[in-house]
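Please consider the following structure in terms of its overall fold, its strand pairing and the surroundings of its ligand.

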Amino acid sequence: MTILVVGANGQIGKQFCEQAQQAGIAVRAMVRREEQLEWFKARGIEAVIGDLEGDMAHAFEGCDEVVFTAGSGPHTGPDKTLLIDLHGAMRSVDIAKEKGLKRFVMVSAIRAEKPLEAPEKMRPYMAAKLAADRYLENSGLAHVILKPGPLTDEAPTHGFVDSLEASPSGSITRADVAYALVHVARHPALENRSVTLLNGDQPIDALLS
Ligand SMILES: NC(=O)c1ccc[n+]([C@@H]2O[C@H](COP(=O)([O-])OP(=O)(O)OC[C@H]3O[C@@H](n4cnc5c(N)ncnc54)[C@H](OP(=O)(O)O)[C@@H]3O)[C@@H](O)[C@H]2O)c1
């Protein structure tokens with residue numbers, strides 16, 4: 001089984017690729033620039049060029065699953081939110097379906113289902129995440145949607161909860177999101193699930209089994 005990682009050069013993406021490789025799971029990293037390939041190749045991880053705003057269908061060829069962890073980031077405007085977080089995600093779902101991939105794992109965001117309750121600046125992003133999640137849910141593809149809270153760069157805890165009330169930090173480390181993605185990769189029977197992810201005191205199986 002090979003997992004295409006869309007957004008592989010990102011902070012979660014790189015940690016997921018490394019953790020998956022260590023777990024013996026084959027991944028293909030999709031990055032958008034030539035100079036980004038080397039980091040993966042140096043670690044024995046297959047990497048290809050593909051752009052959410054351009055050519056990418058070739059990257060899906062021969063893969064079995066997708067992990068989508070791309071994002072336009074906080075330093076771009078609503079134009080990139082539309083083109084990457086929404087349209088890029090929708091195109092990825094369409095291509096995965098066309099190419100016969102078996103499952104699509106989406107990194108969404110906590111409370112994406114309530115964009116109007118987010119701080120005003122975040123609302124277009126949350127609306128894009130919501131629409132991408134709905135598009136995936138209605139695609140007919142087997143899917144898992146992980147909805148992390150605010151991301152931090154702390155060390156992994158391997159402890160999780162699925163509500164803000166139960167999470168002392170109200171956040172989750174990127175390393176733990178990567179760990180949860182590896183858990184999903186190891187459990188192909190997990191499908192059609194949507195789970196909020198925050199750090200807490202439960203093992204990942206308590207949320208995703
Ligand atoms: N920040 C938060 O608190 C938060 C909370 C919940 C969920 N999330 C979600 O978590 C996910 C990843 O977070 P992160 O911290 O790992 O983000 P990140 O480091 O910004 O990684 C995002 C990746 O997406 C890639 N990307 C952007 N545009 C692309 C394009 N046109 N074609 C291909 N790839 C493209 C970027 O490529 P380059 O490396 O080339 O720039 C980058 O590698 C995102 O889906 C985000 O929406 C974030």
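The briefing below takes these topics in turn.

This is a predicted model, in which local features need pLDDT of at least 70 and side-chain atom pairs count only at pLDDT 80 or more, while totals for chains, interfaces and linings use all residues. Residue numbers start from 1 along each chain as its sequence is written.

**Overall fold**
- The protein contains seven helices and 10 strands, taken as DSSP runs (helices H or I, at least four residues; strands E, at least two) and numbered from the N terminus.
- Of the 209 residues, 44% count as buried, that is, with 20 or more other C-beta atoms, placed from the backbone, within 10 Å of their own.

**Strand pairing**
- Strands pair if DSSP finds at least two bridges between them.
- Strand E10 (residues 193–199) runs parallel to strand E6 (residues 142–148), with five bridges joining them; Lys147 has Thr196 in E10 as its bridge partner.
- E10 is also joined to strand E8 (residues 160–161), antiparallel, by two bridges; here Val161 is partnered by Leu198 in E10.

**Ligand shell**
- Of the 24 residues around the ligand, Gly10, Ile12, Leu52, Ala70 and Gly71 come nearest (a residue is near if its C-beta atom, placed from the backbone, lies within 6 Å).
- Helix H1 (11–22) and helix H4 (78–98) are the elements giving two or more residues to this shell, and H1 gives the most, with three.

Note on methods:
A residue is buried if 20 or more other C-beta atoms lie within 10 Å of its own, exposed if 12 or fewer, and partly exposed in between; C-beta atoms are placed from the backbone.
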